[in-house]
Amino acid sequence: MELTESQTGDAVEGGGVPAGPNQERTIALFLKASGRRNHTVPIRRSFLQLPGPGARGPAPMQVLVSRKQERPLDAYLLFAAVSTGEDFSVTEWSTSWARSLGIFEEKTGGAAVSRAWRVLRELRIVDTSRGEGRRTRVTKLKEDGTGARYTPPGAPGSGVSPERYFQLPFAYWEDGLNTKLSLPGKAMLLIALSLRAFEFSLVHAQICDGYGINKQTVAKGINDLIEHKVIDVSGQQWYETLRTRSGVSQRPLYQFADRFVQPGISRITQPKNSKH
């Protein structure tokens, strides 16, 4: 798929050559060109967490978070939003991708985008090649880092069905969370979305063990989501534990703000009490 601002953008008034769109408008142009009618991006859970004991690891997001690779994560999420069509590829100017990352100097932006694609290539979740007119063609690969050809979750030939995936709402960009959230906040947003529950707990130890990120990252990420009103504490959940004299304790339950509730999630999709 080729994205061009002349096809997807709004008219610009005034004489002469205007300045290019800012970061927010550039992202809006990308999202508009994606043609996704439900305004969400499907992402397999294997991007966050590889399934089963002895799985080849670590998962791509764990690598990005542990190495503090925020720009490659930002580039990947927007690319995942717009890479649709038969071959799941996008051919676009590096300057457009750079503006989406908030970089407007051409040389600096080009270098930053090249580094981001290199990181994602090494994780084997994208491939790149030379596109038409000195643009880069980026092709989506399966999210688990195997380098396998990408197919939509649950599509024929995509593996065991039903596959576990979640949906990242366009509200992530429309509300400016791509610039407001820290890297831990972005990681915890993806993890919380992957739980696919109307009300859910975020148990630090479970997340550390299951997703390979440390307790400080988990705590900062949760606080970040609360501060920016992405999630809110909705109640308390009792659970059994050997850490208290009574054998039970409480932990907070969370809910997403309305704009982040995924399609198909209702009040009946609640977590069960679990033992630790």
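Tutor: Axes here are lines fitted to C-alpha atoms, for helices over the stretch in contact, with angles running from 0 to 180 degrees between N-to-C directions. Helices (H or I, at least four residues) and strands (E, at least two) are DSSP runs numbered from the N terminus. The model is predicted: local features need pLDDT of at least 70, side-chain atom pairs count only at pLDDT 80 or more, and totals for chains, interfaces and linings use all residues. Residues are numbered from 1 along each chain as its sequence is written, and side-chain values use heavy atoms, with hydrogens and water left out.

The axis of helix α4 (residues 70-82) comes within 9 Å of that of helix α6 (residues 106-122), and the two cross at roughly 80°. Helix α4 is therefore roughly perpendicular to α6, a label for angles of 65 to 115 degrees. On the α4 side, Arg71, Pro72, Ala75, Tyr76 and Phe79 take part; they meet Ala112, Arg115, Ala116, Trp117, Val119 and Leu120 of α6, where contact means heavy atoms within 4.5 Å. These contact residues comprise nine nonpolar, no polar and two charged. Nonpolar covers Ala, Val, Leu, Ile, Met, Phe, Trp, Tyr, Cys and Pro; charged covers Asp, Glu, Lys and Arg; the others, Gly among them, are polar.

As for the whole chain, its secondary structure comes to 11 helices and seven strands. Of its 276 residues, 48% count as buried, meaning under 20% relative accessible area (1.4 Å probe, protein chains only). Among contacts between residues at least 6 apart in sequence, 66% join residues at least 24 apart.

Note on methods:
Parallel < 35°, antiparallel > 145°, perpendicular 65-115°, else oblique. Buried < 20%, exposed > 50% of the residue type's maximum accessible area, 1.4 Å probe, protein only.
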